[in-house]
Amino acid sequence: MSSSLHSPLYSSLSSSSALQDRKLINAVNFAKPNLIFKPRRSFPLIRASAGFSSSLDTGLSTELDAVASHSEIVPDTVIFDDFEKFPPTAGTVSSSLLLGICGLPDTKFKSAVDRALSDSECYGLESSDLQMSCFFNKALAHVGGDLAKLVPGRVSTEVDARLAYDTHGIVRKVHDLLKAYTEIEVPPERLLFKIPATWQGIEASRVLEAEGIQTHLTFVYSFCQAAAAAQAGASVIQIFVGRLRDWSRNHTGDSEVESALRRGEDPGLALVTKAYNYIHKYGHKTKLMAAAVRNKQDVFNLLGVDYIITPLKVLQSLKESVTLPDEKYSFTRRLSPQSAAAFNFTQDELQKWDQYSFSSAMGPASVELLTIGMDGYINQAKRVEELFGKIWPPPNV
């Protein structure tokens, strides 16, 4: 058995609450903090559990081996039923995770929420709104802190999407979250802060990155978002390939989407390719994450991108598929610094993005999908606040 299965993470999951806790870890497999964004092969961490038969057991090369040599393959899961086969190395803490914790009272993370709700700093504040904001920050930080003890990589923390159009509000919120983490001795290099990619969110990322605080811009659905985020110095940007594809199947009127379709390209894959080429051709530090991957062909078409968030069913299929010598062409790296250098951009695409040009370039697909994503975050945050209002103060306080 791999030594990774003897780590504190697996020891802690051997307790009676293991099945509950497995439902709560949302993996985002960033590189270790002392090797920030240095791609490494993920497949040595992936081991079959007892009784599971796969080509890895025979020592043969698999499709998972092949693709992991080109991109960091990230398990996409909230419910880790196959925890030992696809272990996380980092995590995300969010409103959704807090809701799950409160719904599973036996999980070890419940004590982190209780500690947050009993924090004397919070209940000493004047207004109920300030108290709730403080409780929320503390809960995210305490859960994130516990998660940081279980995984070797970094923890990405959701920033309140209700602040998505308030640059100063985002910066203050991240400072508050960072302070809460500092109080429990989680160092900043173990952290990322997940911010919606509005113009104001991108500007907040610029400010925070200049302070040495790492940001993760999400809900990127257009080239202007990706380019502006790269110019701002965001550490990670996340493009949702499948969601953009779904939108294109049911809507029209977005020039960027329709341009990709006229070229015979998938809009989501085309956006990842263009963003990657822009980042690498012009020397930006940003790393690119492809999410909402639906099948193995998506993975093959994305090879070379920094991170591919991959569903468990696709990972399982990759893991079980043996690669033959005459199939090597299927695993050609599609994205590379060399291909980026040869990619041509228009003058409009190479502009220094400002709020006006950014707003003008945002098409209906990016506007609608960004709004849908933020609305989901906001609704979950409100549910957490309602729940905290009902259960505070916790027992024994």
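Tutor: Let us begin with contact, which means heavy atoms within 4.5 Å. The model is a predicted one. In this sense the buried residues of helix H11 pack against strand S6 (236-240), strand S7 (287-291) and several helices, including H12 (255-262), H13 (267-281) and H18 (364-391).

Student: Which residues of H11 are buried?

Tutor: In H11, residues 241-250, they are Val241, Gly242, Leu244, Arg245, Trp247 and Ser248. An α-helix has 3.6 residues a turn, so residues three or four places apart point the same way.

Student: How much confidence does the predictor place in the protein chain?

Tutor: The average pLDDT is 83, and 79% of the residues score at least 70. Over residues 1-20, however, pLDDT stays under 50, and the model has 25 contacts beyond four places in sequence for them. Residues 25-59 also stay under 50, with 109 such contacts.

Student: What makes S1 and S2 edge strands?

Tutor: The open sheet has 8 strands in the order S1-S8-S7-S6-S5-S4-S3-S2, with parallel pairing. Strand S1 (72-76) and strand S2 (91-93) each have a single partner strand, so one side of each is left without a neighbour in the sheet. From one strand to the next, the twist averages 25°.

Student: How do you know that S5 and S6 pair?

Tutor: Pairing requires at least two bridges, and strand S5 (residues 215-220) and S6 are joined in the parallel sense over 3 bridges. Histidine 216 stands opposite valine 236 in S6. Helix H15 (residues 312-320) packs on the sheet, where it touches S1 and strand S8 (307-311), and its direction makes about 95° with that of S8.

Student: Why is the link between cysteine 122 and cysteine 134 called a disulfide?

Tutor: The cut-off is 2.5 Å between the sulfur atoms. The S to S distance for cysteine 122 and cysteine 134 is 2.0 Å, and the pair is joined by a disulfide. By this rule the count comes to 1 disulfide. Cysteine 122 belongs to helix H6 (residues 120-123) and cysteine 134 to helix H7, so the pair ties together parts that are 12 residues apart in sequence.

Student: What makes this disulfide left-handed?

Tutor: The torsion about the S-S bond of cysteine 122 and cysteine 134 is about -70°, so the disulfide is left-handed.

Student: Why are cysteine 122 and cysteine 134 called buried?

Tutor: Buried means under 20% relative accessible area. Cysteine 122 has 0% relative accessibility and therefore counts as buried; cysteine 134, at 10%, counts as buried too. By the same cut-off, cysteine 102 is buried at 17% and cysteine 224 at 2%.

Student: Is aspartate 129 buried or exposed, and how do you know?

Tutor: Exposed requires over 50%. Aspartate 129 has a relative accessible area of 62%, so aspartate 129 is exposed. This residue lies in helix H7. Its C-alpha atom is separated by 10.0 Å from that of glutamate 385, 256 residues apart along the chain.

Student: Which residues have the most contacts inside the largest nonpolar core?

Tutor: They are Leu98 and Phe388, in a core of 113 residues. Helix H7 (residues 128-150) gives the most to this core, with 11 residues. Beyond its neighbours within four places in sequence, leucine 98 is in contact with Val113, Phe136, Ala139, Leu140, Val143, Val384 and Phe388. In soluble globular proteins, nonpolar side chains tend to be buried together.

Conventions:
Residues are numbered from 1 along each chain as its sequence is written. This is a predicted model: local features need pLDDT of at least 70, side-chain atom pairs count only at pLDDT 80 or more; totals for chains, interfaces and linings use all residues. Side-chain values use heavy atoms; hydrogens and water are left out. Buried means under 20% relative accessible area, exposed over 50%, partly exposed in between (1.4 Å probe, protein chains only). Helices (H or I, at least four residues) and strands (E, at least two) are DSSP runs, numbered from the N terminus. Axes are lines fitted to C-alpha atoms, for helices over the stretch in contact, and angles run from 0 to 180 degrees between N-to-C directions. pLDDT is the predictor's confidence in each residue, from 0 to 100. A nonpolar core is a set of buried Ala, Val, Leu, Ile, Met, Phe, Trp, Tyr and Cys residues joined through side-chain atoms within 4.5 Å.
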